Amino acid sequence: MRFISESESAALINHELAYDAIYQALIAATQPETKSFAVIHGQGSDSKNTFSVKSSATEHLAGLKVGSFWEDNPKHGLPRHNALILLFNQANGKMAAAIEAGKVNAFRTAASNAVATHVLARKDSKVLVIFGTGNQAKYECEALARIRNFEQIFIVGRDQSKAEKMADTLKHLGVKLQITSAKEACEQADIIVTATSSHTPLFKAEWVKAGTHISSMGSDKHGKQELPPELFSHSGLFCDLNVQSKLIGEFQHTPESATLINIGDVLLANAQGRQSPEQITIYDSSGLSIQDLYIAQKILEIS
């Protein structure tokens, strides 16, 4: 069995590699031979520490990822989020590879957003709004800055000091950065990204202007919610995988009759993406095991 440590995988991952891997994974998710299995959520002995297990199989890959969130880790100089990806040797059922993937997971999640936003957002989008000041928010902004030429990024967060730190980490992007309120940010946004653990909507539907693209990146468990459901009835609804999105993603809050389009079908030109410059488009990323398998395979190929 091959083992790749966190330090090794962190040194290998970058936004370009992640984008290429996740592009192919989102296409693979639409194929009939691909299977995504039910997500398992659990907790540590202390209930504030949580983990999930996501597993899947494609035509050539099978495996799983264990992702954990240990709330007090920063007090000990450790990241809250950690991940381990396991790939099976399908000839005998033994483990072919184990990859520690905490940092890889951040790139992988941001790449899903970048792939979807690239095909859904208006090409002339200049203003990005990011809700959230945690670890993932930085990667989201970096990934999107590769596919759009932003002039301004608005940062919306509950903690002023964290928002200021976030702004400092994004200075290398070379765009104007401003910490502001949800209302002011949304009213000026071309693209809105939510990367939080919220259980209630972060903004009001009437603040969103026509033509905006929205990516919800934080809803990956029953009960989580980042967006106002009033948006759904007059927006194009896209996701990484409609079955999972409906169960644990942002679209668990849509009516049963809602049409949810897999972004992989848009990439394959089997479904239409944005229908007009005025349409509001929404992408829900609940996070797929298939993405983990594909990015793990990429890491193995270059290691």
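How many nonpolar, polar and charged residues are in the lining of the second largest pocket? Let's find out by going there at the start of the tour.

Before you click, some ground rules. You are looking at a predicted model, where local features need pLDDT of at least 70 and side-chain atom pairs count only at pLDDT 80 or more, while totals for chains, interfaces and linings use all residues. Residues are numbered from 1 along each chain as its sequence is written, and side-chain values use heavy atoms, with hydrogens and water left out.

**Stop 1: the pocket**

Select Ala29, Thr34, Ser36, Phe37, Ala38, Val39, Leu241, Val243, Gln244, Leu247, Ile248 and Ile290: they line the second largest pocket. A pocket here is an open set of points on a 1 Å grid over the protein atoms alone, where a 1.4 Å probe fits, with protein on both sides within 12 Å along at least five of seven lines; lining residues have an atom within 4 Å of a point. The volume is about 190 Å³, counted as the space filled by probe spheres set on the points, with grid points joined across faces, edges and corners.

Now for the opening question: the lining has 9 nonpolar, 3 polar and no charged residues. In this scheme Ala, Val, Leu, Ile, Met, Phe, Trp, Tyr, Cys and Pro are nonpolar, Asp, Glu, Lys and Arg are charged, and the others, Gly among them, are polar.

Next, color helix α7 (residues 242-248), which gives the most to this lining, with 4 residues. Helices (H or I, at least four residues) and strands (E, at least two) are DSSP runs, numbered from the N terminus. Then color domain 1 (1-102 + 288-300) and domain 2 (108-287): the lining draws at least three residues from each. Those bounds come from an automatic or database domain assignment.

**Stop 2: aspartate 292 and its partners**

Select aspartate 292 and lysine 65, whose side chains meet in a salt bridge (3.3 Å, N to O). The term means a side-chain nitrogen of Lys or Arg within 4 Å of a carboxyl oxygen of Asp or Glu, and by this rule the count comes to 11. This pair links distant parts of the chain, with aspartate 292 in helix α9 (residues 289-302) and lysine 65 in strand β5 (residues 62-69), 227 residues apart.

Buried means under 20% relative accessible area, exposed over 50%, and partly exposed in between (1.4 Å probe, protein chains only).

**Stop 3**

Jump to helix α4 (residues 135-145), where glutamate 142 and lysine 138 are 4 residues apart and so separated by about one helical turn. They form a salt bridge, the closest N and O atoms being 3.0 Å apart. Glutamate 142 counts as buried because its relative accessibility is 11%, whereas lysine 138, at 25%, counts as partly exposed.

Then select Arg122, Asp124, Asp190 and Lys209, which are linked in a network of salt bridges.

**Stop 4: the sheet**

Switch to cartoon view and find the open sheet of 8 strands, in the order β10-β9-β8-β11-β12-β15-β13-β14, with parallel pairing. Two strands pair if DSSP finds at least two bridges between them. The edge strands, each pairing on one side only, are β10 (176-179) and β14 (261-262).

Zoom in on β12 (residues 213-216), joined to β11 (residues 191-194) by 4 bridges. Isoleucine 192 has isoleucine 214 as its bridge partner, and isoleucine 191 has histidine 213. Another 4 bridges join β12 to β15 (residues 280-284), where isoleucine 282 stands opposite isoleucine 214.

In a regular strand the side chains alternate between the two faces of the sheet. On β15, Ile280, Ile282 and Asp284 point one way and Thr281 and Tyr283 the other, all of them buried. Strand β13 (residues 235-239) runs parallel to β15 and is joined to it by 5 bridges, with cysteine 239 opposite aspartate 284.

**Last stop: alanine 269**

Finish in the loop between α8 (263-267) and β15, where alanine 269 lies. Most residues other than glycine have a negative phi. Alanine 269 has a positive phi of about 65 degrees although it is not a glycine, and at 67% relative accessibility it counts as exposed.
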